[in-house]
Protein chains: 2
Amino acid sequence: MSSLSQPTPSWGAADRAWMRRALGLALRSLGATAPNPPVGCVLVRDGRLIGAGRHRFCGGPHAEIEALEDCRSRGEDPRAATAYVSLAPCTRHGRTPPCCDALIAAGVAGVVAALADPIQDDAGAVLGAAGVAYGVGCEAELARQLLGGWLLRVSQGRPRVTAKWAMSLDGLIAGEHGPHALSSAVARMRSRRRRRRFDAIVIGAGTAALDNPQLLALSPPHPARVVISAGAVHAPPPRLVATINQAPLWLVHSQAAADQNLNVWRAAGAMTIAVVDAHDPRQVLAALADRGCSEVLVEGGAQIHGAYLAAGIYDRIEMDLVSQTLARGCSLGAGGMLVPQDWRLAAPPQVYNQTVVSLWDRREEQR
Amino acid sequence: MSSLSQPTPSWGAADRAWMRRALGLALRSLGATAPNPPVGCVLVRDGRLIGAGRHRFCGGPHAEIEALEDCRSRGEDPRAATAYVSLAPCTRHGRTPPCCDALIAAGVAGVVAALADPIQDDAGAVLGAAGVAYGVGCEAELARQLLGGWLLRVSQGRPRVTAKWAMSLDGLIAGEHGPHALSSAVARMRSRRRRRRFDAIVIGAGTAALDNPQLLALSPPHPARVVISAGAVHAPPPRLVATINQAPLWLVHSQAAADQNLNVWRAAGAMTIAVVDAHDPRQVLAALADRGCSEVLVEGGAQIHGAYLAAGIYDRIEMDLVSQTLARGCSLGAGGMLVPQDWRLAAPPQVYNQTVVSLWDRREEQR
């Protein structure tokens, strides 16, 4: 625990390794905890893990509480342990009692957080007053990547926005059967699996009407399915309605939309969300952030991607480069965009049966 | 040599390994031997390489002759050796005497060829009559890939055509400074290095006028630089003219082009090649095949790629996926194309400083 006493600690390999365990747990909760952040926690004593937990859903126990329960259920005593937690423990009553109190009561010797909580920034004071050592910033960069959406939402009122499209070798997206029909079956499976990491998945009215998609993850938790339709002139797609008990269906519309159109969606079980102008990506995203969405996936088609690219609001692009040149299709970029943007590969490209999947982060300096 | 006696030999690991050595030598000559095929040869006795050679340029010694010379210069005797050669040795007098005669005179015990020569198919008979064992088909698939352009030219009168473009994440090619300006410096370097494998490199009149490119390889041999311009209304680009002593400059034009325009090119040192309609990709490629080009690289821009894609005549696509979304640019595919085409990754994608380079072969079943 020596590094805890330093104001800007240089973390040792063991500290970082335990924190990555906690971050790994947090990653499993990404997309499941809105509006809360995904948090993981491990309790360690004498170089041995004695408890682990994560925050699984909003209203459920926080990661620290689950880790303490796990510790006791193993017959271990958390006293004198160090808690590694991906976000500073809460100090105030929310839906659950403050985690700092629970950690102090359990007698832990120290707490290491990857990031400070921008909302409740007094964990150090509370823990210190109780004689618990506290350090923050261990594996902070990894944590910032993981919690990027939540941090954007609480600091800027917008979610992290990931664009997803499949593109042919000649640069066209979609065909007549939606963007994903282009990708190989295994690449489509991968896309469906990844949807669970998002709080909401967004499509435009055109894609909704043409493709009648389902937009579920491969397994729960499913994201909220969001259709953007300024006038709500089309009825909700049947497959979205048929699966409404598995995942919510939201309609984001302009205030001017006719009530009779909106009532069709409401009658089908959809929540309707009014913004002044649903064609403005910033208004749509702010409305989703207001509903607690930190991680938003935009799945297309060409019209919505064109508009969102032009607005420069994508944080990530996940692209399937497919093994086809196309007869028909749409171009994303033609015209419109204000400035070119630079991106950086988040990882080496992966090949899924002839589909080259690459994930790109917007270069920070351009934000 | 036991496998040589079988009519459809199943080649052993040693035979295949030696043939890959010969093919490796041939690969070094790809793009350097037009109108001849790139051929490599190794001489092996008692499991030991005693001579190696390749055909380096049209008019120079064939691979077998160079291998025999290499053998003797090492102080070795080619008698009773086996010659592995990537294409069946020639039997007739061309620019040089027949290689079969030289191999027989040298006393080799056997000859293994990867592929039969579709023009001179009597190597087996000639060698057999002299008591030299002969087998064909060892690593034939690799050889067919390597010699694909030459085989297409001698059998179908057209070259193998590779398209090269750089595309933004939103599917646009080119900007204001040509397709390659998008790629990272190391990816551009790689493209320049690969140009040496081609007999000709093709651009359209628009790219020539706008980009004023040089189109040289990183090192010799350089491909012929071919500008397609139906009317030849623009003068030849200065940088192509300035480098005309390093690599030929060809203009492919329609018969209707005005002589005064053509004379500007001729005065600059360019060869002018007339076809009925230079807008027809097949006529252009047939004219290049007539000039001995087996491997042709088309570097764009959008207009020529669009037309050539629509004609369905690309055999390979080499694409740089660059780490940008673009403000301005052209879409390749918009409209036009007759049928979608399927492609197959020739190798795993490579990343060159944020540029994802992928090489695609057209799926055979669609030919």
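Strand E14 of chain A is joined to strand E16 (residues 341-345) of chain B by 2 bridges, and the two strands run antiparallel. Within E16(B), B:Asp342 stands opposite A:Gln324. The model is predicted.

The contact between the chains draws on 37 residues from chain A and 36 residues from chain B. Interface size is often expressed as the accessible area that is lost when the parts come together. Here chain A and chain B bury about 2,900 Å² between them. Carbon and sulfur atoms account for 64% of that area. Polar contacts, by contrast, are present, with 12 residue pairs found across the interface of chain A and chain B, both residues at pLDDT 80 or more.

Several strands of chain A each supply at least two residues of the side that touches chain B. These are E6 (160-167), E13 (316-321), E14 (324-325), E16 (341-345) and E18 (355-362). The largest share, 5 residues, comes from E16(A). By residue class, the side of chain A that touches chain B divides into 22 nonpolar, 11 polar and 4 charged residues.

Chain A superposes on chain B by a rotation of 180° with 0.0 Å of shift along the axis, at an RMSD of 0.0 Å. The two copies are therefore related as by a two-fold rotation axis. In chain A, the C-alpha nearest this axis belongs to A:Gly171, at 1.9 Å from it. The same surface serves both copies, and 97% of the contact residues of chain A recur in chain B.

Terms used
Residues are numbered from 1 along each chain as its sequence is written. Chains are lettered from A and ligands numbered from 1 in the order in which they are written. This is a predicted model: local features need pLDDT of at least 70, side-chain atom pairs count only at pLDDT 80 or more; totals for chains, interfaces and linings use all residues. Side-chain values use heavy atoms; hydrogens and water are left out. Contact means heavy atoms within 4.5 Å. Buried area is the accessible area (1.4 Å probe) that two parts lose on being put together, summed over both. A polar contact is a pair of N or O atoms within 3.5 Å; within protein, one must be able to donate a hydrogen and the other to accept it, and residues adjacent in sequence count only if both atoms are side-chain atoms. Helices (H or I, at least four residues) and strands (E, at least two) are DSSP runs, numbered from the N terminus. Ala, Val, Leu, Ile, Met, Phe, Trp, Tyr, Cys and Pro count as nonpolar, Asp, Glu, Lys and Arg as charged, and the others, Gly among them, as polar. Two strands pair if DSSP finds at least two bridges between them. Copies are superposed by least squares on the C-alpha atoms of residues with pLDDT of at least 70 in both.
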